[in-house]
Amino acid sequence: MSSSSKQLDIAIVGGGVTGLVCAVALAKRGVYAHVYESKPLFDEVGVGLGLGPNALRVLEEIGVLRDALTASGETHPTMIPFLFLSGMDGHEVIYDYPRAPDDVSAGLPRYSFVKALAAHIDPTYAHFSKKCIDISTSNTNPPRSVLHFSDGTSAEADVVLVANGVKSSVRGAVTGTQSTDNLAFGNTICYRAVVSPDQARASGVKTDLSERPVCFMGEDKHFIIFPIKGGELINIVAFAADRTIKIGDVNLPPERPTVVPASVKEMLEVYDGWGNDVVRLLGCMIKANKWYVNVVYPPLKTYVKGKVALMGDAAHGMLPHLGAGAGQGIEDAYLIAQLLSLPEANGSNVETLLRVYDEVRRPRALSVWEGSVRQGDNYDWRGKSGPSREGVRKDLAGSFDFVWNYPVHEDFKKAASRLQELGPHGSCATQVFDASAFRLHTFHLLYNQADRPPSYTFVCGRQLTILTADCIRMLDSIEELRAVQSDDLNGAVTASTLISTCFYRRQRIGAGPLNTVESPFIAAESDDSPVIIKPEGETDDTSQLACFTFRNVEEMAEADIPKTMIAYRFIPCSLHPVREEVAVPPIAPDQVLVQILASGVCHTDLSLLDPENVMNTYMTTTFTLGHEGAGTVVALGSAVPDLNPGIKIGTYVAVYGLNACFEPSCPACSSGCTNLCMKYRSFGLGIDGCWAKYLALRASCVVPVPADPQTLPPAIVAVATDAVLTPYHALKACCRVQPGQTVLCLGVGGVGLNAVAIAKSCLGAGCVVACDTRESTLTLAAEMGADYVVHPDGLAGLIAEQSLSIDVAVDFVGTQSTFDQCFQAVRHSGTIHVVGLAGPPISLVPTVMMVKDITVKVSSWGTKAELAEVLQVILDGKIKPKVELRSMDECGQVLKEMKEVLTDMPIHCFVITLSRLYAAVSDLLRSRSMPSDSESVHSIPLASRCELLHYAARHPEAPCRTLEIASEQMTSHTTTVEMDTEDMPKTMIAYRFIPSSAHPIEEEVLVPSIAPDQVLVRVLAGGVCHSDLSVLDPENVINSYMTAPFTLGHEGAGIVVAVGSAVPDSNPEIKIGACAPLDTRICAGHTEHLA
């Protein structure tokens, strides 16, 4: 983070394209500006926006191009140069603008573009409904700029950047005149609308308008069309100009609105006599607006005054005929952000920086302003070469080149050269040198012994590094400095070598141990991998370091942080991680920058990339993957020393992936349940994560590791943040496993193996059963402390043979099949905990769950406090996570291997489990001696019946009959049916379920006989509830397996009228005449006869 963020308070007036690009560009360099927008939210007037190659280069540089394209429905810039056609009948081709390799533009919906930019703005710095009406200067020392808003409030800043459009209300703060004095009518109107290509074709338009921009040309009028949203829509702008009036001669009344609705009739009158396609398109523009095009005229003599600067249309609003207005604002914003983020920028020299901005940008913007006027003449057949087709072709040839091919980065070189000219005599005393010819991280050392400035700033492309005079004095002599230079770079020296040498010298002269290494660092670079910094003489073997390994520098200077890095990213619609070069993120005042040393991989990463997984559907943006990470802090935000004094440069930390807010007002965080905070998305799960060299995050989201990387390797720490933390929280906090209990771990991959160790070694479980299809993992589970390891086929047999009572069954896979198996294994009143997220949503059938009275739990990750506990437990040796080390470049292959394992498990484990259940029930039926098949199902214990129903619920091919359910049968309350109390007869009337019947059937049936352990109850009252209705519902799972007649009613009360011979001994309290409610769980096999 540059020091300027501590010295400059920047205000941006206007949250349109220019203002937001400037704010984002500053933030990418660690400088945060307050943005004051007059509207209630960031918005942009207009429909479509065309951006040329020059603007796209800037957007790519500040890291927002991909987001802008994604938000607009694009995957990459696709718009190519214009095809110019005659606007008259026949639409003859006038000129096909040639395309150079880099001439790729983008057509974006304005609202989508602004939305994408706004997503990069810290909400803390965004202020809405703040229309700035004046800018004054305070009486303080030093004086500051005061922004006055229409709501009566005000704000102060060191520097004010005005970007609130061509009708800027505060342009006068720079010009010294009324803000409207330089606002002129451009003698041009335009009609704007968006239609679909299908709509255009259906109306009779024959020209293909979905692939490239098209311009229909005619005298004093032209018609611009370009595709947006990947060709889903076409943006239409129809221009008409009055060439008899010069710009500035006639101005619009101030009260006239810039935009008004337009009718199709009006537009047809303006374009009377034009060709078929133009007329048809006008007919499609039923929701068009009419724009009066204003410009800044006469051109301003300066864009700055004191500490106030104009940008974009506020400085140089121009005619839109080159499609360059937004691009020029973007160029303005980029340069001013580069200047204000210089390490030397402060309140005392900011006027010089703004003056240099004006000197560089104003000539460029003026040339584009004038070019826009010429291009309008060319389109309207009034160019300097005359109105013939040959003349028009000549005027159009190369007319966009000076805009598109402008070397944007040359602006900063010009500014740097100008600042160098000012030298110590100007307000910016630091010398600035250009070394852009060298590769990233390679800085040319310019050193003058005779006349050394106070400090040097080495400029490499867009990367800045400061080497202070104090740092120079740490070297023993200039000869030693030259000694560390690399001969093959002809006097160039890597920044890491130079800074590390300084650190080494500082330690040697007793200035403080900034580095524990006793020799200078050397730098190794590769085009195919992130930069690796290593001590001299160290081997290249990274296998012992971490899963996704980056070489650690124990003490890294901020100057050593590169501009870009390789990241493995989630791209919507991609089935695998995408390798991209991205910008190293800047940090906010409360953030730290962590150099990632290791990052774990788990099944959640696999789920993100599975288009059929529910997690994938919520991921609509691009971000760096990886939610498990460990690394070293290499940069601190200005507020971190006060907010988190324990976090320092060089602190070895674990990344708390949940990204909780930790705010006192948060119900979850204030109660210690940081794993339940939903304010922000988690790292690697919607926002940038750990599959890159650097991660910027709030200091509150890191946990110091209680050991050094040699004692507690980064690979172990990385997996601890999830693969250990998650089962630790599940078993300890949620399941509350007690000493002596029996725990089943179903699916012992990475997380399940750690759970085995946690249950056994940390929580004192008496017995741990590990179940998996893979023999290799079962072997590891035994090593981790499992008492029994078993294949799923043998789980039921093991439980029966060893008389195990499973208190807690933990599902580490998360499919319906694995959940079903946990249900079969767990004891009555036990707990099932679902940790895995591999499968689709799991269904719970109440009629199944109620049988065992079990508790089902699902938890999310673990708390930050628990992560600290986990790290200490690992350090104490109670848990030894198993980690497989792989290269970052292999992340796609790792996920593929994990997917193969995941898809293998249900085939060999969980599907067979249900088949075995069905076979077991069938065996049970065959083993009973029943009077008829019609009664066989009723004699199965209720638990087995419900398990069979559960099986039916998972198999839609189960038989199902169509029954009519009368709506009046549904009751919203419980009713009671009173029964007769006459003497017991041989037969009785019963209300029965008959397959295919739409209602209970009244039948006369025999009064049942009783077995020795049974009683016969005269039912006095039988209840009616919705379960009875479910039995008759053909869409209900219960109905599907009711294949035999039976008497309805599961709620009853009555008097015992007969007892079996064994009852007096087994249940002495039950006697003839006893009145009690029926326990349907006890009498499950016979209640249908007694109701």
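**Group meeting: a predicted model of one protein chain**

Good morning. The secondary structure of this protein chain comprises 35 helices and 47 strands. Of the 1091 residues in the chain, 53% are buried. Among contacts with a separation of 6 or more, 72% join residues 24 or more positions apart.

Let me turn to confidence. The average pLDDT of the chain is 76, and 75% of the residues score at least 70. Two stretches call for caution. Over residues 424-559 the pLDDT stays under 50, although the model has 274 contacts beyond four places in sequence for them. Residues 903-982 also have a pLDDT below 50, with 132 contacts in the model beyond near neighbours in sequence. Where pLDDT is low, the predicted coordinates should not be read in detail.

I now come to a pair of helices. How do the axes of α23 and α29 cross? Helix α23 spans residues 714-734 and helix α29 residues 864-875; their axes come within 9 Å and cross at roughly 110 degrees. Angles of 65 to 115 degrees count as roughly perpendicular, and α23 and α29 are therefore roughly perpendicular to each other. The α23 side of the contact consists of I716, V717, A720, T721, V724, L725, Y728, H729, K732 and A733, which meet E866, L867, E869, V870, L871 and I874 of α29.

The next helix is α25, residues 775-783, in which T777, L778 and A781 are buried. Viewed down the axis of α25, the buried residues fall within an arc of 105 degrees, so they line one face of the helix. An α-helix has 3.6 residues a turn, so residues three or four places apart point the same way. What do the buried residues of α25 pack against? Their partners are α24 (750-762), β36 (767-771) and β37 (788-790). On the other side of α25, by contrast, E775, S776 and E783 are exposed. Just after this helix, G785 adopts a positive phi of about 120 degrees.

Finally, I would draw your attention to one arginine, R364, which lies in helix α12, residues 350-379. Is R364 buried or exposed? Its relative accessibility is 6%; the limit for a buried residue is under 20%, and R364 therefore counts as buried. Leaving aside residues up to four places away in sequence, R364 touches N54, Q328, E331, F402, V403 and Y406.

Thank you for your attention.

Technical notes: Residues are numbered from 1 along each chain as its sequence is written. This is a predicted model: local features need pLDDT of at least 70, side-chain atom pairs count only at pLDDT 80 or more; totals for chains, interfaces and linings use all residues. Side-chain values use heavy atoms; hydrogens and water are left out. Axes are lines fitted to C-alpha atoms, for helices over the stretch in contact, and angles run from 0 to 180 degrees between N-to-C directions. Helices (H or I, at least four residues) and strands (E, at least two) are DSSP runs, numbered from the N terminus. Angles under 35 degrees count as roughly parallel, over 145 as roughly antiparallel, 65 to 115 as roughly perpendicular and the rest as oblique. Contact means heavy atoms within 4.5 Å. Buried means under 20% relative accessible area, exposed over 50%, partly exposed in between (1.4 Å probe, protein chains only). The arc is that of the directions from the helix axis to the C-beta atoms. pLDDT is the predictor's confidence in each residue, from 0 to 100.
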